[in-house]
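User: I am new to this model and would like to learn how to read its features one by one. Could we go through them slowly?
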Amino acid sequence: MLVKQLSVFMENRPGRLYKLTHALGQEGIDFVTLSIADTKDFGIVRFIARDNERAYEILKAAGFTVGITELIGVEVNDRPNALAEVVALMEEANINIEYLYSFVLTNHNTAKILMRVEDTDRAVKLLKEKGIRLLSEKIL
Amino acid sequence: MKGTLKDYIYRPEYECLSRSEMENLQSERLRKTVELVYNHCKPYRAKMDEFKIKPSDIRSVADLSKLPFTVKHDLRAAYPFGFYTAPQRDIVEVHASSGTTGKLTVVGYTQNDIDVWAEVAARGLAMAGVTKDSLVHVAYGYGLFTGGLGAHYGSQKIGASTVPASAGNTIRQLTLLRDFGATHLCCTPSYAIFLGTELEKAGMDIKDFNLQGGVFGAEPWTYQMREEIERVLNIDALDIYGLSEISGPGVAMECMQKHGSHVQEDHFIPEIIDPETLEPLPFGSEGELVFTTITKTGQPLIRYRTRDLCTLSDEKCACGRTTVKMSKVKGRSDDMLIIRGVNVFPSQIEAAIMNVAGVSPHYMIYVDRINNLDVIEIDIELAGNLTPDRVSDIENIKKKVETEVNSYIGLSAKIKLCESGSIRRSEGKAVRVVDRREQ
């Protein structure tokens, strides 16, 4: 019931993001999502590819510090306050959100929210109870 | 280059002996010391037995090279007190310096040894013109490190007013220096420059200070640094040399000729050896400095290898002293770094890093001098199997490395986490340290 995502550690120096995107691009890997968390000293690139396993193999072989994480993905209607409602559920249950990002695919009237929380099992249970549509890797 | 201090000879009856007088004195003291260590120090007895040498084989300084060397590792193997030649009840002070594996090198002093130390430190301070009328501000750290107490004992022996400021709190240091009218400053050379630059930043004027001389040591420094210190503090800056194993600061000290440091030869016999073949080298040759203490009674050392590289000279000095002079230390014959006066071995840093999960054993240590202070940066690769997802996970790894390194070497280092595979792998002997301080 969880969505797989790749995370790559990256030093803050020029050319690193190019090296990553180029390594995947020339192998025909297509990104579904990509976000970057940056700090003063380093960044973490998080992305979902059409073919996560192959992307992982390619990056490992190219020497990147890469790992696979599992996220909770939910689908909501693309309308105001939809994100707030999901966040409110987590807050009421006192589940800390580590990070979150969302995206909308063209020709869809739904938005997808991806998040990493402190207590994944409890969050999944809660979202199911509230009837929120959960994404799996396939649905994505 | 100020050149206004009045260098005077504190103990001419020992500092101005002819070569044969000095050798006779050294020979007599060496015989006693060898007798002492053979009878009262197990590691020495074992070593001498192994080399089939009896105390009676050592008649004069010419026989010195028959004796085995002592290295830091010997002291650590006998940790903590295995090298004492005096009973514990006669030991009045203990000092220690950091070692390669986190284990300390311990040195015990009898009252006689403290008196010897005070004597040689006083001779050194006299070269910088310290008299009963002086006010000596000691900004070396006081504690297990010998810098603070060594300068303190020497200054008190002369009878100067001694201010035990110890290290840290720069603004307070500057205020004390100015308000008390200190004539002399004792600290590390890098801290002296730092004080000079902070003085300007704090809006103080060097004209309001009464400083005349500085006695700087505990880390190697260059002639360029001397010029800089003399300029910013408007003083004569002199180099003091010492190491806790032998005594502490005062083993050798630069006179106002500012060209080499006089070794207090009636207490410590210096030799220069080839660090590879271990053969003694003649005056003028560069090699590793070795000392034999000949007046200490708590923990005398025979042919102790300092690992410091320099030259010795018996050329006549214009100051009138006849003691042998050592050049500035040009480097080390091992990989020890001296950072802010603290001895640091790369192996300590490696041991610290190995205690942290999430990083690899691939690292580089960079040492720089930024704003005249030594700084260490350690670049270290993350472990290849790490899942680098949460920023807080990565930051925790960094904090753990910082804490571990600090607890191993007693200094804070800047930690930079790197991508796996990004640190250059060397073929053969790994290059782990880049010292970018100007030599």
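Analyst: Among contacts in chain B between residues at least 6 apart in sequence, 68% join residues at least 24 apart, two residues being in contact if their C-beta atoms, placed from the backbone, lie within 7 Å. This is a predicted model, in which local features need pLDDT of at least 70 and side-chain atom pairs count only at pLDDT 80 or more, while totals for chains, interfaces and linings use all residues. Residues are numbered from 1 along each chain as its sequence is written, and chains are lettered from A and ligands numbered from 1 in the order in which they are written.

User: How is a pair of packed helices read, and at what angle do H8(B) and H9(B) pack?

Analyst: Two packed helices are described by the angle between their axes and the distance between the axes. In chain B, helix H8 (residues 189-201) and helix H9 (residues 223-233) pack at about 35°, with axes 9 Å apart; helices are DSSP runs of H or I with at least four residues, strands runs of E with at least two, numbered from the N terminus. Axes are lines fitted to C-alpha atoms, for helices over the stretch in contact, and angles run from 0 to 180 degrees between N-to-C directions.

User: And which way do S6(B) and S7(B) run?

Analyst: Strands of a sheet pair through backbone hydrogen bonds, either parallel or antiparallel. Strand S6 (residues 213-217) and strand S7 (residues 236-243) of chain B run parallel, joined by 5 bridges, where pairing requires at least two DSSP bridges. Gly217(B) has Ile240(B) in S7(B) as its bridge partner. Helix H5 (residues 111-127) of chain B packs on the sheet, touching S6, S7 and strand S8 (248-254).
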